Amino acid sequence: LSENRVLIYIFGASGDLAHRKLYPALFNLYRKGYIKDHFTVIGTARREWTNEYYRNNVLKSLEELPGSFNQKFSFIQHFHYQSHDVTDSKHYDTLRELGESLDRVYETQGNRIFYMAMAPEFFSTIAEHIKSQNLLSDTGYNRIIIEKPFGRDYETAKALNDSISKAFDEKQIYRIDHYLGKEMVLGLLPIRFSNPMFEQVWNRKFIDNIQITLFEALGVEDRAEYYDHTGALRDMVQNHIIQILALLTLDKPEKLTAEALRAQKEKLYEALRIYPIKEVAKKFVRGQYGSSDIPEHEPAYRSETKVDPNSKMETFVAGEINIDNDQWRGVPIYIRTGKRMPEKQTRVDIVFKASDQIFDKPADKTIITIDIEPTEGISLLINGKKIGLTTDPVGYQLSYHHSAEQLAEVLDAYERLILDVIKGEATNFSHWHELEATWHFIDVIREYWDNNAPTDFPNYKSGTNGPEAADQLLKQSGRSWVYNP
Ligand code: BG6
């Protein structure tokens, strides 16, 4: 392993994301040797903290992780804290000076990452100050990591992008979609493009429909301030679901480079049908969870802490997406995501058309299921002969799943993506053109929904599959969800 040298500025160092995801991810990279002696972190936030207080805070976030106390203790010595008011230019001068001196101490060779792990309304201000107060290094690389939400719609995303672009060019901007770091999401291209028997049939001639399900068992938790202004469409569909959809449907890139993959994604997004507003109600369904049958266990969304008691925000979305190109015309891609579903389940089902029948009993549909979470693997439902004195076809289930031991030492999504940024590997990040396209797609649905408030919320019980209308969406064309817990 070659050691990576880097100085990381974390804006939002006292926040939830840093605590839950970034510090543990950095520690695991340290434990596994990807970063060692020559890395340092400058954490900034509004609060007045000492280095010692900050380091203890980082240490606490590592409690559950493997690794000795000594190792954790040496790790936190790399962390430095500087309180910071994002709108005050002088504070950036302090950050610059601290960066320059730590760069010398840790010999990071001027490599800088700026991690935006705070409320998005400050991203632009910070990016502009990074430039005006000259925090960018001349000797190493400068890269910025942006967490979602990247805007609320096309207009706000564009404004944000324009201001970040004043300080960073597109190649330096890493927009994180953590689903793109998940093992089985990364596994979609190898499954598609290294199996001739899949490659040949991955099109409208053979595929009847595709189903993408992102179910969560959890509710809104303590994120209502964000979620009640965002909703499931922006929170999960605009990014994670459309990214998975793209990987499932894009044309084969010539090589697996960031440029080649982006070019194919962009081509795919051009073919994504943007619905005229009057069609939205036919193609998309929304839901909001009510209480479960045991209300004290799971309150209705509207009774959750900090949620507006009359909230019209959706916690569930199902929809049909169409791609207007020769490969996919006429193949509905059904998507579904919701909070307080029966269980956590992220998966893709590819449903094939039935073969011409020659048997007395019709065969089942052939289905490829790709399990993304909580199990990670693939299964095929194919037809074989029922045993005994008959020629009737019957379903055979073939499956492969990675074992827990195999997965234990694999880098998780955040670790992998942060390491990608350190290495300058942009393949698994979203390009601005992708965001443009996805927001245009989402904005029409949002506009229709905002102008037509739901009258039936809450419309599904906590712990169920969502509203009845999500089943109707498929039933109207004689189809049904493969995954139906
Ligand atoms: C985030 C959403 O992007 O993804 C959350 O903001 C959601 O609302 C989370 O809970 C789900 O991620 P994962 O990795 O747990 O499937």
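Which helix gives the most to the shell around the ligand? Select residues 231-249: this is helix α11, which gives three residues to that shell. Helices here are DSSP runs of H or I with at least four residues, strands are E runs of at least two, and both are numbered from the N terminus.

Before moving on, remember that this is a predicted model, where local features need pLDDT of at least 70, side-chain atom pairs count only at pLDDT 80 or more, and totals for chains, interfaces and linings use all residues. Residues are numbered from 1 along each chain as its sequence is written, and side-chain values use heavy atoms, leaving out hydrogens and water.

Next, select the ligand and its surroundings, including Lys148, Met236, His240 and Glu373. Being near means having a heavy atom within 4 Å. The shell holds eight charged residues (Asp, Glu, Lys and Arg count as such).

Now pick Tyr179, where a polar side-chain atom lies 2.4 Å from a ligand oxygen. Then try Asp235: an N or O atom of its side chain is 2.6 Å from an oxygen atom of the ligand. The protein buries 80% of the 400 Å² that the ligand exposes when taken alone (Shrake-Rupley method, 1.4 Å probe).

Finish at Lys182, in the loop between β6 (173-175) and α7 (183-186). Is Lys182 buried or exposed? Lys182 counts as buried because its relative accessibility is 12%, and buried means under 20% (1.4 Å probe, protein chains only). An unreviewed UniProt entry places a "binding site" feature at several residues, among them Lys182 and Asp235; such annotations may be inferred rather than shown by experiment.

Conventions
A polar contact is a pair of N or O atoms within 3.5 Å; within protein, one must be able to donate a hydrogen and the other to accept it, and residues adjacent in sequence count only if both atoms are side-chain atoms. Buried means under 20% relative accessible area, exposed over 50%, partly exposed in between (1.4 Å probe, protein chains only).
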